[in-house]
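Biologist: Hi! I'm new to this one, could you walk me through it?
Modeller: Happy to, let's bring it up first.

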Amino acid sequence: MVNPTIQRRRLGIALKRAREQAGMTQDEAAAAIESAASKISRIELGQSGVRPTDLTLLINAYGVPDSVAASMRELAKAGRQRGRWSSYREQLPAWFRTFVDLEGDASEIRSYQAEIIPGTLQTEAYIRAILTSPGIPDEEALDQQVKIRLARQSIIDENTELAYVLSESAIRRMVGGPGTMRDQLAHLVALSHRPNVTIQVLPFAAQTYAVSSFSFVILRFDQDSASDVIYTETFTDADYLDRPDLVRAYTKLWDDLRAAALGPVESRLLIEQLGDPS
């Protein structure tokens with residue numbers, strides 16, 4: 001059964017297309033439901049559901065045909081169900097729960113990481129070292145966060161197509177001590193042999209780009225590039241971008257970074273060398 005988050009995402013895409021076909025702006029759509037444009041944006045991104053009454057008002061405002069309207073109502077109903085991560089409401093902020101739901105339903109994930117190993121590739125010791133900070137108040141809370149991050153790694157076994165470009169600084173940065181890093185790098189090498197996992201390293205010596213100093217993730221669903229979502233994160237919040245021009249810009253950046261990075265085999269050899277310099 002498809003996750004409620006992706007159902008909301010599908011509904012958001014359908015509503016956005018209907019709004020654009022009707023020649024309406026988000027402000028005009030918001031006026032139809034007596035709300036703010038930011039609410040329309042969240043609905044179209046699948047970040048929040050839509051009430052039945054609001055959906056009816058939008059359907060009427062956009063002039064959606066009855067057959068399409070029925071499909072939208074089914075998507076809205078499915079999107080109101082509880083997601084798989086809803087039981088972790090206290091452990092995960094709302095802005096990140098959206099990401100882990102989308103991550104779990106994506107058919108392809110492309111991730112560029114500038115400073116640390118991505119969460120889906122981290123060992124338990126590396127996770128504990130990363131999360132051991134004043135932000136995690138006690139051991140029980142730390143254990144919960146570790147459990148959640150390890151659970152997210154199930155996407156590797158689900159054969160989701162995963163591609164990563166890691167800055168060389170991400171694999172050189174000492175996290176948790178030499179032993180933790182040695183095991184983490186060995187884990188990366190092992191994962192790089194998986195048929196659905198591609199890991200490339202952007203070396204210090206490579207041509208770099210001014211915008212390569214921050215991380216981002218491209219999520220794709222069922223090979224449909226029209227539904228791609230770009231995820232960027234700050235310390236306390238995140239952005240979910242789906243405007244076609246922004247998606248194209250990040251996709252080009254991804255292509256540039258992959259072209260500048262070492263190939264998968266060369267990257268594996270570098271990671272092996274760093275993990276066992278002898």
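Biologist: Is tyrosine 250 buried or exposed?
Modeller: Tyrosine 250 is buried, because its relative accessibility is 15% and the cut-off for buried is under 20%. Keep in mind that this is a predicted model.

Biologist: And what about phenylalanine 216, buried or exposed?
Modeller: Buried, with a relative accessible area of 1%. Phenylalanine 216 forms an edge-to-face aromatic pair with tyrosine 250, at 5.2 Å centre to centre and 65° between the planes. That pair links distant parts of the chain, since phenylalanine 216 is in strand 4 and tyrosine 250 is in helix 12, 34 residues apart.

Biologist: Nice! How many aromatic pairs are there?
Modeller: The count comes to six. In one of them, the ring centres of tyrosine 112 and phenylalanine 216 are 6.0 Å apart and the planes are at 40°, so this pair is tilted. Tyrosine 112 belongs to strand 1 and phenylalanine 216 to strand 4, so the pair ties together parts 104 residues apart in sequence.

Biologist: Which residues do ring pairs link into a cluster?
Modeller: Those are Trp95, Phe96, Phe99, Tyr231 and Tyr240.

Biologist: Switching topic: how many bridges join strand 2 to strand 3?
Modeller: Six, and the two strands run parallel. As an example, valine 165 has glutamine 200 in strand 3 as its bridge partner.

Biologist: How many residues of strand 3 are buried?
Modeller: Five of the six, so strand 3, residues 197-202, is mostly covered.

Terms used:
Residues are numbered from 1 along each chain as its sequence is written. This is a predicted model: local features need pLDDT of at least 70, side-chain atom pairs count only at pLDDT 80 or more; totals for chains, interfaces and linings use all residues. Side-chain values use heavy atoms; hydrogens and water are left out. Buried means under 20% relative accessible area, exposed over 50%, partly exposed in between (1.4 Å probe, protein chains only). Helices (H or I, at least four residues) and strands (E, at least two) are DSSP runs, numbered from the N terminus. Two strands pair if DSSP finds at least two bridges between them. Rings of Phe, Tyr and Trp (its six-membered ring) pair if their centres lie within 6.5 Å; planes under 30 degrees apart count as stacked, over 60 as edge-to-face and the rest as tilted.
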